[in-house]
Amino acid sequence: MTPKCCFLGFLIGVLLPGVVETQPAHESLKPQRVHFQSQNFHNILHWQPGRACPGNSSIYFVQYKTYGQRQWKNKEDCWGIREFFCDLTNETSDIWEPYYGRVRTTLAGVHSGWTMTQRFFPWWERAKGI
């Protein structure tokens, strides 16, 4: 290892100890608190940026599926966005079906893993607000 690499490794270890030592970079990029918010069957997926994501420089990708399906579907309108939300109302229109959503981050060419919601029931979420 050259002296430059050692010095760079030292700086990273000193300046970013919580990120570098405890988890790989792609894990610290993972979106946090991914969840649905529903009002009158208008279903919006929300999330917060990962711990290592500065400001709004990350790009997000959203997928969804119905409970029991194997394949995830890309939400084209929310593929490569900078916002922290995605409208999945049309994709979750069958109020009796349970759904999942998930989000991943890309920053400087590094992709995070996916962060998935808990099972979302449109009818139940609507009934809770009544």
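# A quick tour of this predicted model

The charged end of R102 sits over the ring of W114, with 4.3 Å between that charged end and the ring centre. Elsewhere you'll find 6 aromatic pairs, 1 disulfide and an open sheet of 3 strands.

**Charges over rings**

- Besides R102 over W114, have a look at R119, which lies over the face of Y67.
- For R119 and Y67, the distance to the ring centre is 3.8 Å.

**Strand β3 and its partners**

- One partner is strand β6, residues 99–107, which runs antiparallel to β3 and is joined to it by 8 bridges.
- To find a spot where these two meet, go to K65: its bridge partner in β6 is Y100.
- Another partner is strand β4, residues 73–81, also antiparallel to β3, with 4 bridges joining the two.
- Here you can pick out Q63, whose bridge partner in β4 is N74.
- β3 and β4 make a hairpin, and 6 residues lie between them.
- In the turn of that hairpin, G68 has a positive phi of about 100°.
- As background, strands of a sheet pair through backbone hydrogen bonds, either parallel or antiparallel.

**The open sheet**

- The 3 strands of the open sheet come in the order β1-β2-β5, and their pairing is antiparallel.
- β1 (32–39) and β5 are the edge strands, each pairing on one side only.
- Ignoring direction, neighbouring strands in this sheet are turned by 20° against each other on average.
- β1 and β2 (residues 42–48) run antiparallel and are joined by 6 bridges.
- Follow Q37 across and you land on I44, its bridge partner in β2.

**Aromatic pairs**

- A search of the whole structure turns up 6 aromatic pairs.
- Among them is the pair of Y60 and F84, an edge-to-face arrangement with 5.7 Å from centre to centre and 70° between the planes.
- This pair links distant parts of the chain: Y60 belongs to strand β3, while F84 is in the loop between β4 and β5 (85–87), 24 residues apart.

**The disulfide**

- Which cysteines form the disulfide? The two are C78 and C86, and their sulfur atoms are 2.1 Å apart.
- In general, a disulfide is a covalent bond between the sulfur atoms of two cysteines.
- The torsion about the S-S bond of C78 and C86 is about 95°, so this disulfide is right-handed.
- C78 is buried at a relative accessible area of 7%, and C86 counts as buried too, at 1% relative accessibility.

**Two buried loop residues**

- T117 is in the loop between β8 (115–116) and α4 (122–128).
- Its relative accessible area is 5%, and since buried means under 20%, T117 counts as buried.
- What is T117 in contact with, leaving aside its neighbours within four places in sequence? The list is V34, H35, F36, L45, Y100 and G101.
- Y100 on that list of T117 contacts is also the β6 bridge partner of K65.
- S112 is found in the loop between β7 (110–111) and β8.
- S112 counts as buried, at 3% relative accessibility.
- S112 and Y60 are 52 residues apart along the chain, and their C-alpha atoms are separated by 9.7 Å.

Notes: Residues are numbered from 1 along each chain as its sequence is written. This is a predicted model: local features need pLDDT of at least 70, side-chain atom pairs count only at pLDDT 80 or more; totals for chains, interfaces and linings use all residues. Side-chain values use heavy atoms; hydrogens and water are left out. Two strands pair if DSSP finds at least two bridges between them. Buried means under 20% relative accessible area, exposed over 50%, partly exposed in between (1.4 Å probe, protein chains only). Contact means heavy atoms within 4.5 Å. Rings of Phe, Tyr and Trp (its six-membered ring) pair if their centres lie within 6.5 Å; planes under 30 degrees apart count as stacked, over 60 as edge-to-face and the rest as tilted. A charge sits over a ring if NZ of Lys or CZ of Arg is within 6 Å of the ring centre and within 35 degrees of the ring normal. A disulfide is a pair of cysteine sulfur atoms within 2.5 Å. Axes are lines fitted to C-alpha atoms, for helices over the stretch in contact, and angles run from 0 to 180 degrees between N-to-C directions.
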